[in-house]
Amino acid sequence: MVSYMVKLRARELAVRMALGADPGAVRRQIMRQAVAVAALGIVLGLGATLPLTRALTALLFDVAPTDGATLVGAVAVLAAVAVLASWLPARRAAGIDLASVLRQDG
């Protein structure tokens, strides 16, 4: 999804960098947006998990549905995946070839 968003915004990002935006700032902006969406998903997922503990109890063995270590571990893994998944498209956006993007027809 992040890669698709970067592709759609390639022209905008190229204009920003042509006007003097730092490639690092572009990279941080892309990553900040992607991580914000992931954080919202994590919060909504945790919010949905707590009321559904009765249904989850039948699926879990030797782990309580509200086990703090498990929830923290799951959040940490999801956050790490979100950062890694947004890093490559952000890196690609920061290294975009300005001339070729700006020459393309809109």
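The protein has six helices and zero strands, and reading along the sequence gives the pattern α-α-α-α-α-α. Keep in mind that this is a predicted model.

**Overall shape**

- Along its principal axes, the C-alpha trace spans about 60 × 25 × 15 Å.
- How does the radius of gyration sit against that of a compact globule of 106 residues? Such a globule would come in near 13 Å, but this protein has 19 Å.
- Of the 106 residues, 23% count as buried.
- Now look at contacts in the protein with a separation of 6 or more: 72% of them come from residues 24 or more positions apart.

**Helix α2 and what covers it**

- Which residues of α2 (residues 10-18) are buried? They are A10, L13, A14 and M17.
- These residues sit on the same side of α2, because they cover an arc of only 100 degrees around the axis.
- What lies over the buried residues of α2 includes α1 (2-8), α3, α5 and α6 (98-103).
- Just after α2 comes G20, and G20 takes a positive phi of about 115 degrees.

**The largest pocket**

- The largest pocket holds about 300 Å³ of space.
- Its lining is made of 17 residues, and the closest to the pocket centre are L46, T49, L71, A74 and L78.
- Which helices each supply at least two residues of that lining? Those would be α3 (23-49) and α5 (68-94).

- Start with Q29, which is found in helix α3.
- Is Q29 buried or exposed? Q29 is buried, because its relative accessible area is 15%, and the cut-off for buried is under 20%.
- Not counting residues up to four places away in sequence, Q29 touches R9, L13 and R16.
- A34 has a relative accessible area of 12%, so A34 is buried.
- Leaving aside its neighbours within four places in sequence, A34 is in contact with V2 and S86.
- How many residues apart along the chain are A34 and S86? They are 52 residues apart, yet their C-alpha atoms are separated by 6.1 Å.

- A79 is found in helix α5, one of the helices that supply the lining of the largest pocket.
- A79 counts as partly exposed, because its relative accessibility is 34%, and that class lies between the 20% and 50% cut-offs.
- Where is A79 relative to A14? The two are 65 residues apart in sequence and 28 Å apart in space, C-alpha to C-alpha.

Note on methods
Residues are numbered from 1 along each chain as its sequence is written. This is a predicted model: local features need pLDDT of at least 70, side-chain atom pairs count only at pLDDT 80 or more; totals for chains, interfaces and linings use all residues. Side-chain values use heavy atoms; hydrogens and water are left out. On a 1 Å grid over the protein atoms alone, a cavity is a set of points where a 1.4 Å probe fits but cannot get out, and a pocket is an open set with protein on both sides within 12 Å along at least five of seven lines; lining residues have an atom within 4 Å of a point. Grid points are joined across faces, edges and corners, and a volume is the space filled by probe spheres set on the points. Helices (H or I, at least four residues) and strands (E, at least two) are DSSP runs, numbered from the N terminus. Buried means under 20% relative accessible area, exposed over 50%, partly exposed in between (1.4 Å probe, protein chains only). The arc is that of the directions from the helix axis to the C-beta atoms. Contact means heavy atoms within 4.5 Å. The radius of gyration is taken over C-alpha atoms; the globule rule is 2.2 Å times the number of residues to the power 0.38.
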